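Hi,

Here is the structure I promised to pass on to you.

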Amino acid sequence: MAGYRGIAERLKTAEEKVMALAEATADELPAINATRGERATAALLSFVTGDLFGVSVERALAERGRRTAGTLSIVSAIRSTPTNFYNTFESTGGEEEPSKARWLALRIASLLADPQVRATLADKQNVEVRIEEKEEDGKRHIHVSFVDKDGHELLNAPWKAGMRLKPRWAEGETVKLIKEVASLVEAISSGSRPLAVLNEEAWKRAVEAVNKTKEIIKKTAKAVAIGALPTDAVLHPGFEKVYGSSSYLSQTFTYWALTEGRIDLGGVYPSEEGLKATWYVEGEHMKTVGKILSRGRAAFNELLKRRVDLKTALDEIKINDELKAALEKTAGEFWNRVEELLTLWREAEKNGDKKAIDSLGKYLRILLPLAYTVEAYKAGELSGEEATLAVVFAVLYDGSVYKDEIQIYIGGPEKEKRPIMTRDHFAIFWLWALRELGLKPNVVYKGRDVHYIVFRNAELNELLKALVPALPTLYELRDALAEFADAFRVVTNEVIKAKYGVDWAYDVKTENFFKKLNKIIAMVEAYLRKNIAIEKGRLDTNGSYPKTVIRFKLDREVVAHIHTYWTGNKLLARFKGSRENVKRLASIIRALSGEVGIKTMNTGRNVKLTTDGIIAIRHDGWLKAVRGFVDELYSKKLIDEKRYEKLVRDIEAGPNTVKFAGVEFSVNYTNKGIQVDCHWSSEASKNAAVSALKAKGLEGGKHFTVREYGGYEIRITEEAYAKALEALTQGRLKEREHYTVDGKRHVIRVKEEHKDAVVNALKARGLEEGRDFTVESNKIYAIHITYDGLREIQRMALKGDIEAERFIRELKDVLSRRHGQSAVNKLITIITPAREEGVIDLPLPVHDDRSNLIAHVVDLRYEFVKGDQPVSQCIGKDCRLRIIVEYEMQGEKRELKIEWHWIKKEKKKGETVITYYYTMAWLTVKDDVEAAVLKALTGKEAKRRQVYLLANELKALRRFKALKDAIDQWRED
């Protein structure tokens with residue numbers, strides 16, 4: 001038990017609970033009052049320190065005496081286990097250090113928690129886990145296989161058993177799903193036609209998104225290549241080839257900056273994150289790569305001649321004495337090692353030994369791109385934006401992004417026993433290059449296999465500031481990948497469901513590359529919101545409309561501006577300029593939470609915002625500037641009081657729009673109820689919106705409806721106008737019944753059913769289409785989200801769909817701001833059936849107001865309370881229900897308690913006093929995280945203050961498996 005005690009202590013888990021759970025008999029389990037987290041920890045402790053799948057695991061997982069034995073029974077416990085459980089095993093020491101069984105157990109746990117494996121095992125019964133040790137090619141391997149009752153091998157995952165367990169590959173029925181995905185990826189990357197079973201609309205959108213991604217990668221090829229070569233690519237300079245591989249499909253797309261070619265599947269292997277695919281692209285390197293290498297070689301030779309002092313790169317960087325001494329020593333001998341490297345290179349070239357040149361690729365791929373970057377940046381060939389973007393790609397490939405920190409990993413040369421250079425050499429050269437680019441990190445520290453270069457605090461802010469000009473490019477890449485992810489999820493789900501009967505889809509948005517890209521964008525957005533200053537210029541009454549200019553400043557420097565007008569009936573903000581300036585302005589507005597329309601013009605591009613777009617930007621500085629403009633208009637009597645008051649209300653209340661599946665809807669509350677609609681004048685735009693909604697899982701006719709109205713306009717030349725009217729009046733057609741006339745504009749308007757008759761009448765009189773008249777559609781298409789649709793989106797939100805959760809939250813917000821609590825109550829009434837149906841399992845993700853994941857609810861438990869003491873059960877109005885919420889943030893576990901009471905109320909009705917009871921809970925919310933947890937559980941908006949919960953919030957809690965029966969029992973009693 002010493003092993004239990006030591007690990008339990010380090011995990012801050014009650015030692016007695018762990019030991020009691022592991023040693024208890026089935027009869028004793030109901031008496032042990034342990035959290036789900038404690039049970040999960042105890043299960044995994046017994047799992048890794050004792051016999052795999054031993055009886056102690058089953059006991060630890062048993063809930064209140066109800067046994068949950070079986071392969072899938074540990075999945076929810078694994079998902080509820082604190083993160084630091086896994087971290088603790090990374091550094092476990094002592095005389096009872098767990099054996100390789102520990103590592104094997106953790107990998108099995110990861111496989112069971114993998115969505116793909118869970119989907120494959122979901123409908124299987126009596127799955128057996130077999131663990132075998134085999135001798136293969138003189139080496140020891142451990143095979144873990146999952147076999148169903150009919151003997152089908154669902155998954156076989158072997159590991160090589162050396163100092164650690166190293167994953168080899170995975171095979172079996174589960175792997176067939178990924179191979180099916182691979183055939184779809186190959187078709188997309190090679191331009192093949194889709195299979196007959198595919199959703200052709202979703203396939204088309206996926207192909208278009210991949211092509212869009214290719215175009216973005218082409219435009220940023222230099223930055224991508226500079227970031228990829230020193231971190232993630234394998235370079236074969238002798239044969240002018242490059243190889244890029246990744247577990248992330250989204251990352252593999254970016255390798256098209258290095259080489260053209262299709263994306264292939266290298267294999268599938270088990271990992272700490274579940275099953276992983278290896279995607280790769282290989283081929284002759286692009287011209288951009290060749291240029292970087294050749295120019296990098298020249299720059300590197302020049303640096304060698306000057307013997308640049310690399311020690312200066314360590315100035316003002318936090319670093320421990322041991323590592324600093326090592327790096328200073330390395331800096332001193334750096335150029336000697338470079339001479340050795342270049343001598344070998346020249347000899348290999350002289351001898352025509354391409355293999356020898358290739359063997360140097362592990363050094364050249366790091367040193368040459370960095371040398372080129374510095375030289376090109378100083379010469380003005382590489383902009384500061386491109387240089388910073390290259391650093392960001394290096395982070396995306398081989399680094400980490402945290403809330404207040406960005407790291408780059410610096411490793412050593414791969415598979416080299418006696419290397420010419422080590423990670424110390426690479427680290428000092430990286431530090432020098434970053435400093436030359438004006439990007440100074442503030443911390444360097446040594447890890448097990450890599451050095452970490454870290455940006456924090458002021459240095460991080462400088463990096464984020466340098467990234468602001470690159471924000472349009474980051475947005476373009478993220479949007480294209482997100483568009484592909486949505487479409488590809490639909491395609492893969494349909495194919496795999498049809499072929500294997502498994503409800504699973506490949507989701508690019510869960511890949512770490514995509515998540516890191518999102519995090520970096522969020523950090524730049526947060527930097528902009530915090531640091532940008534917005535100033536309004538003077539009122540200008542010259543010209544057609546009164547106007548002002550609103551300027552955006554960073555560090556007192558104007559980075560963008562936009563002119564704002566009053567047209568007589570609406571506000572209008574407009575900027576016309578080069579593509580680069582328009583994109584910069586659009587990205588700044590987007591970062592400030594606004595939506596902007598960018599229209600292509602003959603002379604460049606144009607940003608245009610009407611009143612709704614202007615008030616959608618909810619930044620205090622912007623709203624203050626807009627309000628100041630409106631106040632000036634009113635003070636100069638350029639706007640009447642009624643319009644002024646409406647504009648002020650709109651500025652304060654914000655927009656009436658929400659977005660779902662990339663489609664923007666307007667929200668209104670009338671005597672018809674809640675109206676969520678969007679309108680299109682283009683059939684192509686309408687079709688794109690319908691496809692996007694279907695791709696998210698909404699069903700046309702049930703969850704949304706499409707209606708079209710309007711007709712056609714027949715525009716007649718001035719010379720033919722009289723003859724056209726004569727043709728219509730002499731025929732059987734009647735004005736107002738078949739057509740209407742706009743005499744000022746020489747336009748005849750007709751409905752679709754009368755268009756042909758009117759056109760034929762004109763032609764019969766000798767008028768020619770195209771010469772004397774034209775026919776143009778003026779149809780309007782309206783998409784309406786039905787109440788069934790709102791409920792379906794609520795179901796998606798309950799399943800963890802971030803976009804759906806944001807839609808419901810913003811819909812409530814719009815209704816509250818513009819129409820008051822009665823409109824919010826109506827929405828709650830509409831979606832409550834969806835919130836109450838079924839039950840939700842844990843863990844439950846918790847997001848803040850900007851949809852950032854900040855915590856997980858990992859355990860919900862309850863106890864009945866009478867007086868001051870918890871009791872096993874109680875009845876009566878003095879019986880209280882206490883709900884204990886356990887949530888985890890950044891590895892730390894916290895609790896939130898909600899105690900429900902029966903509240904007595906007496907109401908006099910005539911001579912009779914009626915007594916009734918209602919449920920209520922009250923608690924003090926201490927911080928924003930507690931407020932977010934409460935909202936995730938109940939939907940209740942809360943701030944740091946005392947909060948009161950009523951019947952609706954109790955109903956919301958009833959959705960959770962752990963609480964449903966207890967709430968029903970308490971209310972019935």
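Below is what I found, going from the whole chain down to single residues.

One thing to keep in mind: this is a predicted model.

**The chain overall**

You are looking at 973 residues, and 51% of them count as buried. The chain holds 34 helices and 34 strands. Its accessible surface comes to about 46,300 Å², with 45% of that belonging to carbon and sulfur atoms. If you take the contacts with a separation of 6 or more, 63% of them are between residues 24 or more positions apart.

**The nonpolar cores**

As a bit of background, nonpolar side chains in soluble globular proteins tend to be buried together. In this chain, the largest nonpolar core has 182 residues. Which residues have the most contacts inside that core? They are Phe 300 and Phe 429. Helix H20, which covers residues 471-500, gives this core its largest share, with 15 residues.

**A four-stranded sheet**

Next, find the open sheet whose four strands come in the order E5-E6-E8-E7, with antiparallel pairing. Strand E5 (233-236) and strand E7 (264-271) are at the edges with a single partner strand each, so each has one side left without a neighbour in the sheet. On average, neighbouring strands here are turned by 20° against each other, direction ignored.

In general, the strands of a sheet pair through backbone hydrogen bonds, either parallel or antiparallel. E5 and strand E6 (residues 241-246) run antiparallel and are joined by four bridges.

**A lysine worth a look**

Finally, go to Lys 362, in helix H16 (residues 361-378). Is Lys 362 buried or exposed? With a relative accessible area of 12%, Lys 362 is under the 20% cut-off, so it counts as buried. What does its side chain reach at 2.8 Å? The answer is the backbone oxygen of Ser 359.

That's my tour, so over to you.

Cheers

Terms used:
Residues numbered from 1 in each chain as written. Predicted model: local features only at pLDDT ≥ 70, side-chain atom pairs only at ≥ 80, totals over all residues. Heavy atoms only, no water. Pairing = 2+ DSSP bridges. Helix = DSSP H or I, 4+ residues; strand = E, 2+ residues; numbered from the N terminus. Axes fitted to C-alpha atoms, helices over the stretch in contact; angles between N-to-C directions. Buried < 20%, exposed > 50% of the residue type's maximum accessible area, 1.4 Å probe, protein only. Contact = heavy atoms within 4.5 Å. Areas by Shrake-Rupley, 256 points an atom, 1.4 Å probe, with all protein chains shown as cover. Core = buried A, V, L, I, M, F, W, Y, C linked by side-chain atoms within 4.5 Å. Polar contact = N/O pair within 3.5 Å; in protein donor to acceptor, adjacent residues only side chain to side chain.
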